[in-house]
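Hello,

Here is the structure I promised to pass on to you. Please have a look at it first, and then read my notes below.

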Amino acid sequence: MARKKQTRGTCAFCGREMTKGGLSRHLATCPQRQEATIKANAQRGRNQTIYHLQVQDAWNGDYWLHLEIRGAATLEELDHYLRAIWLECCGHLSAFTIGYTTYTQLFDDGFSLGNDASMNISVQKLFEPGLQIPYEYDFGTTSELLIKVVAERKGKPLTKHPIMLMARNQAPVLECQECGQPAAWLCMECIYEEDEPGLLCDKHAEKHPHDEYGEPVPLVNSPRTGMCAYDGPAEPPY
Ligand SMILES: [Zn+2]
Ligand SMILES: [Zn+2]
Ligand SMILES: [Zn+2]
Ligand SMILES: [Zn+2]
C-alpha cells in the first residue's frame, strides 16, 4: 500500500523544502540559519535562552510549524501566535499542560488554584529540550496540538518579535469529491450527514445543494478548518 505523502514546508533561512522531521534535523545545521544567528549574537544586549519548537496537530500530521521563541516570551504570547496562525474563531479558552499543571487565561493576575495557573509566565521558567506540551483550544469543539521543545540555544533572537516562524507545512492538496480537481471548499453537511469527505472545487461549491450547516467554508491551511465557526485566515500575526 502506498504511504500517504507527507506535507512539506520551506526553511525560512535557505529555502530548502522538506518534511516536518527533515526540517527538525535541518534547522540544527542549516548554514544560513547559523549565519543569521552569528550575526544576531554579535549585536549588543544580553544573551538569553531561545527555544526551537515543533508544533503539530495532535491527530493530523499534515499540519505543523517550526518556531523559535525567546525565553522571556510568555505562554500567553505563544497562545496568541497559535490563535492567529491556526485557531481563533470565537475567543474560546485554551490551555497548555506541563507536568501536572494546566496554564490557562483563567488566572490572568498570576493567581493560581490547585493545579491551574496563569499563562502569563515566561517560557524559560518551564521549557527544556525534550519537553512535550499538550495544548487545547476550545474545550467544546477542541483543537488539540502537541508542542515539542526540540532544542535551545543561548544568544540573541533573530527578530524583534517574541516568536519567529522558521517553517510551516504547505497546504495539503485535497481533491474535489465530484471531479478530482483541487478542492478549495469544505461542506459540513457532506461530512456529518452523507459520510462524504465534503471537499469541493470552486465550480462544484457554487452549485452544491447543501446548506443545513451553512454554506461550504473555505479550506485554509489550518487544522481547525471545519471546526466551530473557523474560517481562517490562517496567517501568522507578524
Ligand atoms: Zn535551511
Ligand atoms: Zn468557535
Ligand atoms: Zn469539482
Ligand atoms: Zn455537501
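P233 sits in the segment after β13 (217-218), and the peptide bond that joins G232 to P233 is cis, with omega at about 10°. Please keep in mind that this is a predicted model. C228 is also placed in the segment after β13. Although C228 is not a glycine, its phi is positive, at about 45°. C228 counts as partly exposed, because it has 16 C-beta neighbours inside 10 Å.

D195 is another non-glycine residue with a positive phi, here about 60°. You will find D195 in the loop between α4 (188-193) and β12 (199-200). D195 counts as exposed, since 8 C-beta neighbours lie inside 10 Å. As background, most residues other than glycine have a negative phi, and most peptide bonds are trans.

Now to the overall layout. The domain assignment divides the chain into domain 1 (8-168) and domain 2 (185-218). Taken over C-alpha atoms, the centres of domain 1 and domain 2 are separated by 34 Å.

Next, the sheet. Its 8 strands form an open sheet with mixed pairing, in the order β7-β6-β5-β8-β9-β3-β4-β10. β7 (116-118) and β10 stand at the edges with a single partner strand each, so one side of each has no neighbour in the sheet. On average, and with direction ignored, neighbouring strands of this sheet are turned by 30° against each other. Helix α1 packs on the sheet, where it touches β3, β4, β9 (143-155) and β10. The direction of α1 makes about 170° with that of β3.

β5 (residues 94-98) and β6 (residues 101-104) are antiparallel and share 4 bridges. Within this pairing, I98 has T101 of β6 as its bridge partner, while F96 is bridged to Y103 of β6. The hairpin of β5 and β6 has 2 residues between the strands, and G99 takes a positive phi near 60° there. β6 and β7 run parallel and are joined by 3 bridges; T102 has D116 of β7 as its bridge partner.

Back to α1, which spans residues 20-29 and has K20, L23 and L27 as its buried residues. These lie on the same side of α1, because they cover an arc of only 50° around the axis. G21, R25 and T29, on the other side of α1, are exposed. The buried residues of α1 pack against several elements, including β1 (8-10), β2 (17-19) and α2 (31-41), as well as β3 (48-57), β4 (64-70) and β10 (163-168).

Finally, which residues touch the most other members of the largest nonpolar core? They are V55, I69, L78, L82 and F96, out of 38 residues in that core. At least two residues each come from α1, β3, β4, α3 (75-87), β5, β8 (132-137), β9 and β10. The biggest giver is α3, with 7 residues. As for L82, once its neighbours within four places in sequence are left aside, this residue is in contact with V55, L87 and L145. Another core, of 8 residues, lies apart from the largest one, and among its members are L186, C187, L200 and V217.

Best wishes, and enjoy looking through it!

Technical notes:
Residues numbered from 1 in each chain as written. Chains lettered and ligands numbered in written order. Predicted model: local features only at pLDDT ≥ 70, side-chain atom pairs only at ≥ 80, totals over all residues. Buried ≥ 20, exposed ≤ 12 C-beta atoms within 10 Å, placed from the backbone. Arc of directions from axis to C-beta. Contact = placed C-beta atoms within 7 Å. Pairing = 2+ DSSP bridges. Axes fitted to C-alpha atoms, helices over the stretch in contact; angles between N-to-C directions. Core = buried A, V, L, I, M, F, W, Y, C linked by C-beta atoms within 7 Å. Domains from an automatic or database assignment.
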